[in-house]
Amino acid sequence: MKKIIPNGLSASQLTGLVKKHGSPLFVISRSKLASNIRRFRSLLPRVEPFYAVKANPHPEILKVFHKEKSGFDIASQGEMETLRTLGVPTERMIFANTVKKSDVLKFACVNKINLMTFDSEYELDKIAEYAPGSRVVVRIKVTNVGSVVELSVKFGTEPADAIPLLIKAHRLGLKPAGVSFHVGSQCLQAENYIEALEVASIIFRDARLKQLPLELLDIGGGFPISHYNHEKDYFSEMAPMINREINRLIEPHIRIIAEPGRSLVGPACTLVLRVIGKSIRANKHWYYLDDGIYGTLSGLLFDHCKYQYNVLRKGRTQISTLAGPTCDGLDVISFTEELPELELNDLVYINNIGAYSLAHATNFNSLPKAKVVAVD
Ligand SMILES: Cc1ncc(COP(=O)(O)O)c(C=O)c1O
């Protein structure tokens with residue numbers, strides 16, 4: 001029977017791709033990217049997705065989302081430049097890094113990228129000086145409980161400070177546009193969104209009472225994916241609750257956007273690795289792969305991520321160790337994988353690895369990064 005890998009590729013397709021392009025190989029599925037953004041829109045119909053480019057800025061990915069008329073959340077001048085090269089109109093961008101360099105603000109202003117988030121009065125002063133007249137969105141601190149990546153310690157102002165900051169923005173000649181939050185990446189609790197929506201709705205009401213009508217709510221990212229075959233579909237379970245609260249709390253004329261990264265790109269990519277070394281250490285099989293923690297598997301560190309390692313070989317399994325190719329002892333991928341005995345040149349593949357993987361891979365030991373191919 002033909003073995004189908006969950007992202008839609010067959011095992012023989014993967015083997016064929018590696019034969020043609022070599023390994024390590026990062027495979028992007030364009031059709032899966034397109035279906036992910038359509039799924040996002042159908043799960044949250046009132047919310048416009050602005051893809052968080054930082055999750056994976058590869059141009060093949062950006063091109064698909066541009067074709068699907070997505071908006072984009074950008075964090076730097078580099079990301080703005082890439083999108084401009086692809087012809088993305090500036091009104092489809094939000095500069096959602098709360099800490100912006102003054103020269104990058106100038107660049108944004110010259111290029112008419114004028115919607116941006118902030119969470120402190122110092123940032124407001126900077127925006128007013130280098131990007132005058134911008135539309136500003138105050139990012140509030142919200143509960144991140146149960147999210148794999150915590151984002152509320154470093155970012156977000158106390159909700160009680162939101163209105164005074166928006167009033168200050170108005171005084172500085174900026175246009176107070178709305179409120180944003182981020183519930184933490186890979187958020188597994190719908191309650192985080194529900195609480196954040198409640199807090200945001202109170203700020204919207206107070207702003208109206210203070211003659212400061214806001215037009216935009218940005219519900220950030222955090223929408224979770226499954227990394228293992230046995231995991232449930234968290235996002236589709238949470239979506240009805242988020243929709244209900246949006247409809248209950250947020251007036252119909254308010255535009256709602258989100259900044260999904262992981263949920264759009266994670267499930268659309270597969271990494272294929274090859275066993276390049278094997279040994280028995282302390283009575284246990286060790287397999288050395290051609291990519292590791294310093295490369296595409298950097299998400300093990302930076303994204304606190306765990307992956308499912310799949311092999312094509314069958315047979316009795318035993319606990320084994322997978323390690324990366326560099327000379328550093330830190331470069332161990334997993335000490336506890338149940339695997340059949342592998343041989344040199346065998347392939348190991350990882351699905352759902354599109355987000356926060358390639359984006360922070362390095363060339364440590366002067367090893368080349370994984371080659372990227374996009375398939376339909
Ligand atoms: C400001 C901002 N927006 C959006 C995202 C994307 O979040 P996620 O990948 O969880 O959807 C991040 C991730 O760190 C972020 O910092």
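Is Cys 187 buried or exposed? Cys 187 counts as buried, because its relative accessibility is 0% (buried is under 20% relative accessible area, exposed over 50%, partly exposed in between, with a 1.4 Å probe and protein chains only).

A few notes follow. The model is predicted, with local features needing pLDDT of at least 70 and side-chain atom pairs counting only at pLDDT 80 or more, while totals for chains, interfaces and linings use all residues. Residues are numbered from 1 along each chain as its sequence is written, and side-chain values use heavy atoms, leaving out hydrogens and water.

1. Cysteines. You'll find zero disulfides in the structure (a disulfide being a pair of cysteine sulfur atoms within 2.5 Å). For Cys 187, the closest cysteine sulfur belongs to Cys 305 and sits 15 Å away, so that pair is too far for a bond. Cys 327 has 76% relative accessibility and therefore counts as exposed.

2. H2 against H3. Helix H2 covers residues 30-43 and helix H3 covers residues 59-67 (helices are DSSP runs of H or I with at least four residues, strands are runs of E with at least two, and both are numbered from the N terminus). The two pack at about 45 degrees with axes 9 Å apart; axes here are lines fitted to C-alpha atoms, for helices over the stretch in contact, and angles run from 0 to 180 degrees between N-to-C directions. That angle makes H2 oblique to H3 (under 35 degrees is roughly parallel, over 145 roughly antiparallel, 65 to 115 roughly perpendicular, and the rest oblique). The crossing of H2 and H3 is right-handed, meaning that the near helix is turned clockwise from the far one by less than a right angle.

3. Who touches whom there. On the H2 side we have Arg 30, Leu 33, Ala 34 and Ile 37, which meet Glu 60, Ile 61, Val 64 and Phe 65 of H3 (contact means heavy atoms within 4.5 Å). By class, the contact of H2 with H3 has six nonpolar residues, two charged and no polar.

4. H2 again, now with H9. Helix H9 (residues 234-249) packs on H2 at about 40 degrees, and their axes are 9 Å apart. From H2, Arg 39, Phe 40 and Leu 43 meet Phe 235, Ser 236, Ala 239 and Asn 243 in H9. Those residues split into four nonpolar, two polar and one charged.

5. H5 and H6. Helix H5 (residues 102-110) packs with helix H6 (residues 121-130) at about 50 degrees, with axes 9 Å apart. H5 and H6 are therefore oblique to each other, and their crossing is right-handed. Ser 102, Leu 105, Lys 106 and Cys 109 of H5 meet Lys 126, Ile 127 and Tyr 130 of H6. The tally for the contact of H5 with H6 is four nonpolar, one polar and two charged.

6. Thr 117. This residue belongs to strand S5 (residues 115-118). Thr 117 counts as buried because its relative accessibility is 1%. Leaving out residues up to four places away in sequence, Thr 117 touches, among others, Ile 94, Phe 95, Lys 100, Ile 127, Ser 180 and Asp 218.

7. Glu 338. Look in strand S16 (residues 332-340) for Glu 338, which counts as partly exposed because its relative accessibility is 46%. Glu 338 and Ser 320 are 18 residues apart in sequence, yet 6.2 Å apart C-alpha to C-alpha. Beyond residues up to four places away in sequence, Glu 338 touches Thr 317, Gln 318 and Ile 319.

How values were computed. Ala, Val, Leu, Ile, Met, Phe, Trp, Tyr, Cys and Pro count as nonpolar, Asp, Glu, Lys and Arg as charged, and the others, Gly among them, as polar.
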